[in-house]
Amino acid sequence: MSAKTPSEETKAQTKASSSDMATDKRRVQQDDDASGEQCEAGSSSAAREDAAIHIYATIAFIVIIIVIGVPMWWKTTEVYRVSLPYSEIRALNEDPIKATFRLGLYCQSAERREILSFELRKKFEQNFVFELDLQLLSLDADTLATIKTPARLEAELQKHYPSTLGHFLFIEWPKLDDDILVTSDRTAFISESASSLKAYQVLSSWLLQEYKLKAILGSRDAQQTLMGRQLRLNSAPLQAQYEVLITVLNPRPELQKVHWNARAAAENYIEPFLSELSGITNFTIKTQWIYQVGLEGAGAQPKQVPDDSKLGRHYALAEDSLPHIITSLEKKLGTQITDNPCIHLVVYVPPCAQAPLRIYRKDGQRAAPLASNVEAFTSAKWGGIVFANPAEATCVRYMETEQFSDVYIHAQDVMPVLLYQLRKIFDLENNTPLLDATLVPYSTIEPRAWEVDTFMRTNTIYLVHSATTTLQSLIQLLGGIEYIVINDEVGAAIQTAHQKIVAAKQQLRAGRLQQAALLAREAYTSAERAFFDPSMLALLYFPDEQKYAIYIPLFLPIMIPVVFSFNTILKYFRKRKATTATKAKEE
């Protein structure tokens with residue numbers, strides 16, 4: 001072999017180094033390509049992760065807004081309304097008010113007893129309120145032999161058949177001037193010739209007062225009559241508590257001193273009378289003296305009228321001026337200290353310089369005086385005013401000397417007038433005359449026993465009817481306006497009123513008047529308390545439309561991006577689903 005020259009070795013080394021460099025370049029390029037691919041793969045994975053985080057964050061935000069935020073907003077802005085028996089209250093009128101009237105009938109002849117009982121039952125069959133529970137009474141022959149007077153017969157029958165609250169007895173007695181004589185007790189004597197029609201008229205007009213119930217319950221026929229309209233105007237549901245305020249007015253204490261024990265008169269006259277009515281309502285009696293208060297108002301200044309008395313004149317007060325007198329006095333009587341309705345009994349003692357006062361009617365004629373030296377008038381639902389004029393001799397002495405005078409008020413003159421006014425205010429006075437039927441005159445301060453029964457029966461029906469009307473009106477209002485608040489107290493009052501109405505109707509139908517009266521009073525009180533509860537006005541002027549108008553500008557900017565995010569979320573999951581499907585095919 002021939003040896004290589006140095007130049008050849010140099011060329012060979014140069015080629016070898018060039019080949020190595022080319023190989024290194026190719027390796028570097030391959031490494032760069034591989035690293036580029038890895039970088040692209042890494043950046044793509046990071047983008048997918050960022051997109052997923054964004055999408056899931058959007059989903060979480062939507063869940064918080066819709067699942068938590070919207071229900072919380074709805075709950076916090078919800079009007080609190082207790083569940084109420086709407087359908088049961090609306091159905092109260094489907095069960096009309098019916099009251100059982102228990103009547104005892106005694107006749108000496110069994111045949112007449114059967115005839116009267118049959119005819120009375122027939123007349124009550126068509127009654128719109130009352131159902132008759134008739135009991136036929138009899139006495140043994142030995143007891144009848146000892147009876148010589150109607151009072152003794154009445155006592156024997158009441159001993160064998162005691163009459164309680166709401167009961168009544170018809171007792172036949174042969175010797176009567178009229179067909180029927182109604183006593184102060186729960187009894188009436190009927191003659192042998194008295195018909196069942198006359199007996200029914202007495203029951204209907206005096207004891208049951210059906211004409212009054214027709215006006216109260218809204219009978220169309222009764223509303224069209226003058227008496228019906230007047231009854232609805234002057235009558236109001238009985239309240240649970242009354243303040244009876246007896247006020248003595250002395251307009252000129254520097255000229256006269258009035259002597260009268262008003263408190264003793266109230267205890268001896270007013271309190272026994274009102275205690276008989278306390279079975280369905282309560283009374284608080286108060287007395288007060290007011291000085292320096294005279295007659296004020298339009299036409300309230302009396303006019304002097306000459307007459308034939310020793311004073312030679314009296315002072316006329318026009319009937320038209322009486323309402324103005326009440327208006328001017330009412331603000332000075334101090335009734336604003338109580339929330340209970342007040343019945344005013346005012347005794348006005350005019351000074352001798354303006355006495356005696358006389359009331360004149362619109363036709364110019366003098367009104368009939370109720371007692372000597374006493375003039376009075378009554379205002380329905382308010383009370384009455386009595387003008388207690390000084391004695392004529394007292395005023396004669398004053399006119400002669402014009403000195404200080406002592407005026408003495410006699411209870412026997414004033415108190416019967418106040419009792420009469422109370423009878424008018426509570427509608428105990430019976431002004432319906434019936435031919436051949438007579439009422440025994442009052443013999444005591446207290447009202448007649450059957451008048452108390454009539455008062456309780458009529459007012460019990462009135463309270464049940466009024467409570468029912470109030471509840472149904474309230475339910476209609478609450479059902480029509482959904483943003484009225486019904487809190488627990490109002491809901492409890494409505495529930496109580498409904499339950500008491502149902503119970504009172506049951507007691508009336510069973511003839512238990514005392515229990516029915518107490519339940520009716522509770523029902524009326526609860527219904528009125530619910531109807532006038534001030535809490536129901538809390539959101540009355542903040543309806544749903546106003547709520548939406550306030551909250552939509554707050555929530556709309558938030559909800560618009562949320563709504564548009566649904567499109568982004570759908571696109572993401574569709575792309576993700578397509579990528580997954582492509583990879584699955586490649587594998």
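How many of the 8 residues of strand E1 are buried? The count is 7, so strand E1 (residues 99-106) is mostly covered, where buried means under 20% relative accessible area, exposed means over 50%, and partly exposed lies in between (1.4 Å probe, protein chains only).

This is a predicted model: local features need pLDDT of at least 70, side-chain atom pairs count only at pLDDT 80 or more, and totals for chains, interfaces and linings use all residues. Residues are numbered from 1 along each chain as its sequence is written, and side-chain values use heavy atoms, with hydrogens and water left out.

## Overview

The protein has 17 helices and 16 strands. Helices (H or I, at least four residues) and strands (E, at least two) are DSSP runs, numbered from the N terminus. Of its 587 residues, 41% count as buried. The protein exposes about 32400 Å². Carbon and sulfur atoms supply 55% of that area. Accessible areas come from the Shrake-Rupley method with a 1.4 Å probe; for residues, only the protein chains shown count as cover.

Contacts are also counted along the chain. Contact means heavy atoms within 4.5 Å. Among contacts between residues at least 6 apart in sequence, 75% join residues at least 24 apart.

## Strands

Strand E1 has a partner in strand E2 (residues 130-137). The two run parallel, joined by 8 bridges. Thr100 stands opposite Glu131 in E2. Two strands pair if DSSP finds at least two bridges between them.

An open sheet of 3 strands has the order E9-E10-E12. Its pairing is mixed. Strand E9 (303-306) and strand E12 (357-360) stand at the edges. Each has a single partner strand, so one side of each is left without a neighbour in the sheet. The twist averages 45 degrees from one strand to the next. Axes for such angles are lines fitted to C-alpha atoms, for helices over the stretch in contact, and angles run from 0 to 180 degrees between N-to-C directions.

E9 pairs with strand E10 (residues 313-318) in the antiparallel sense, over 4 bridges. Lys303 stands opposite Ala316 in E10.

## Salt bridges

The structure holds 15 salt bridges. A salt bridge is a side-chain nitrogen of Lys or Arg within 4 Å of a carboxyl oxygen of Asp or Glu.

| Pair | N to O distance |
|---|---|
| Asp95 and Arg509 | 3.3 Å |
| Lys122 and Glu125 | 3.7 Å |
| Arg263 and Glu267 | 3.5 Å |

The side chains of Asp95 and Arg509 meet in a salt bridge. This pair links distant parts of the chain, 414 residues apart. Asp95 is in the loop between helix H2 (86-90) and E1, while Arg509 is in helix H15 (residues 488-510). Asp95 is partly exposed, with a relative accessible area of 36%. Arg509 is partly exposed as well, at 35%. Glu131 joins them: Asp95, Glu131 and Arg509 are linked in a network of salt bridges.

Arg263 and Glu267 both belong to helix H10 (residues 262-275). They are 4 residues apart, so about one helical turn separates them. Arg263 counts as exposed, at 58% relative accessibility. Glu267 is partly exposed, at 40%. Lys122, from the remaining table row, is partly exposed at 44% relative accessibility.

## Helices and surface

Which residues of helix H7 (residues 210-217) are buried? They are Glu210, Lys212, Leu213, Ala215 and Ile216. Just after H7, Gly218 takes a positive phi of about 85 degrees.

Ala530 lies in helix H16 (residues 513-531). Ala530 is buried, with a relative accessible area of 1%. Leaving aside neighbours within four places in sequence, Ala530 is in contact with Leu474, Val490, Ala493, Ile494 and Met536.

A nonpolar surface patch of about 730 Å² is made by Val63, Ile64, Ile66, Val67, Ile68, Met72, Val563 and Phe566. Helix H1 (6-76) and helix H17 (544-586) are the elements that give two or more residues to this patch. H1 gives the most, with 6 residues. Met72 is found in H1 and is exposed, with a relative accessible area of 52%. Patches are made of residues with over 30% relative accessible area and no salt bridge: like charges are joined within 9 Å, nonpolar side chains (Val, Leu, Ile, Met, Phe, Trp, Tyr) within 5 Å.
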